[in-house]
Amino acid sequence: MEIIDRGDAVCIAGAGPAGLVMARALQHNGIEWDQYDPNPDVGGLWDIKHEGTAIYESAHFISSRSLSGFADFPMPDHFADYPKHSEILKYLHDFAEAYGLREKITFSTKIEKLTKTKDDRWQVQLSNGECREYKAVVCATGSQWQANMPELKGTFDGEIRHSQTYKNIREFDGKRVLVVGAGNSGCDIACDAGVMGEKAFISMRRGYHIIPKHVFGMPADVFADGGPDLPVWLIRPFFTLLLRMFNGSLQRFGIPKPDHKLFETHPLLNTQLVHSLQHGDVTVKPDVDRLDGKYVVFKDGSREEIDLILCATGYNQQLDFAGDYFSYEGGRPKMFIQAASREHKNLFGISYIETNSGAYKRFDYMAGLVANYLKDQRDDPSRASQLEAIIRSETPDLSGGIHFLNTDRHAGYCDAVAHTKYVKKLYQRMGWTFPEDIRFKRATPKTKQAQTAKKAEVAA
């Protein structure tokens, strides 16, 4: 097979939020790149029409508008406090057009295989039959594409599927629905089932601290961000008391008492579930014991007749096209600050970070780190070598003093504040400008015309 040598260009896998902000960072640093996405347009997960997306009609951001935008490109004020998926998609489209990113993307093209050469370059096999060779590869395919289905004992007469397949509330019309899993999506979907279904249940393996989306009229993350920078042992009692004041005891609704302290799991931000429990629209059940024909039997011995089981049980992040170049823990790739492979030079991944706050800012910071490092390889090899040594040797504590629950979901989990602090200091050590201090150059009218033409071509 003929191999097209792209010289010092970089390959970006994915044109969702992480892929787009990575492209902007490369563009800002004068680095050539090609970008590939299996979908017909930008947006990744956030386009509900894209094949395999986990987005459903009632999906919203769980971090607030004001704390979730990319550097120098805030989300507009007319967006909701917690934007709907269609608003996020528009934001990503506007971002791509503002910086002239669309014309560099090859749509409807999947990366099939990644191969490292003996001289530390990367060959990329594409679904269109081409093979291209690059200096570096950035994996930005996102973290919610490979459904993690639980093993349920017994046989079931009804329908079982993963929440990834759920799209709209009409799917529940007249059905007795069990949602397995109480993450943010599971709670949202259970509330949808409570509105449309004949009966709705949510199975919880453990209890959770449910954080309301607004505190004293402010988005919860804005309220938390506005406070002093205090250690977690000092702020936890205050927020625990605050939640007790807002929600009362959730055990009265059947939610088990949490087996962990506040902040030790991924935040469960949901006001709607408490409302549904208060009104009897959703009933909490314990973990599933087994399936028995048209019934589900729970660990407490109770049983319910169920028509549809929807498993909101999370996702794996295995990068099939990358072979064995990444090592994994809990189904999550293990990298230096979840940005760079420690074992393989110029292999990066910036959309697989698990954190307790909005991910977009972290994507932005890590994209800038990758782009600056690649620029230094070209312009300042001694400084690039300095970062290479850091990537190989440093294992920073990014927990922020929080002892996260020992589950697959929390393997490699980062506290957002701790992650940001470390990355900022790393920028300072390397002499780079932090993304939030940059005015990024917008697309010229000519570039926008080319983008409009490509968008029309994609639509056709």
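**View 1. Antiparallel pairing of strands β19 and β20.** In this predicted model, strand β19 (residues 288–293) and strand β20 (residues 295–298) are joined by 4 bridges in the antiparallel sense; two strands pair if DSSP finds at least two bridges between them. Helices (H or I, at least four residues) and strands (E, at least two) are DSSP runs, numbered from the N terminus. Arg-290 lies opposite Val-297 in β20. Residues are numbered from 1 along each chain as its sequence is written, and side-chain values use heavy atoms, with hydrogens and water left out. Because the model is predicted, local features need pLDDT of at least 70 and side-chain atom pairs count only at pLDDT 80 or more, whereas totals for chains, interfaces and linings use all residues.

**View 2. The mixed sheet.** An open sheet of 4 strands has the order β10-β19-β20-β21, with mixed pairing. β10 (154–156) and β21 (303–305) stand at the edges with a single partner strand each, so one side of each has no neighbour in the sheet. Neighbouring strands of this sheet are turned by 35° against each other on average, direction ignored.

View 3. Strand β8 (residues 136–139) runs parallel to β26, and 3 bridges join them; Val-138 stands opposite Phe-348 in β26. Axes are lines fitted to C-alpha atoms, for helices over the stretch in contact, and angles run from 0 to 180 degrees between N-to-C directions.

**View 4. Packing of α7 against α8.** Helix α7 (residues 360–379) and helix α8 (residues 381–393) pack at about 135°, with axes 6 Å apart. α7 is therefore oblique to α8 (under 35 degrees counts as roughly parallel, over 145 as roughly antiparallel, 65 to 115 as roughly perpendicular and the rest as oblique).

**View 5. Packing of α7 against α9.** The axes of α7 and helix α9 (residues 416–430) come within 11 Å and cross at roughly 25°, which means that α7 is roughly parallel to α9.
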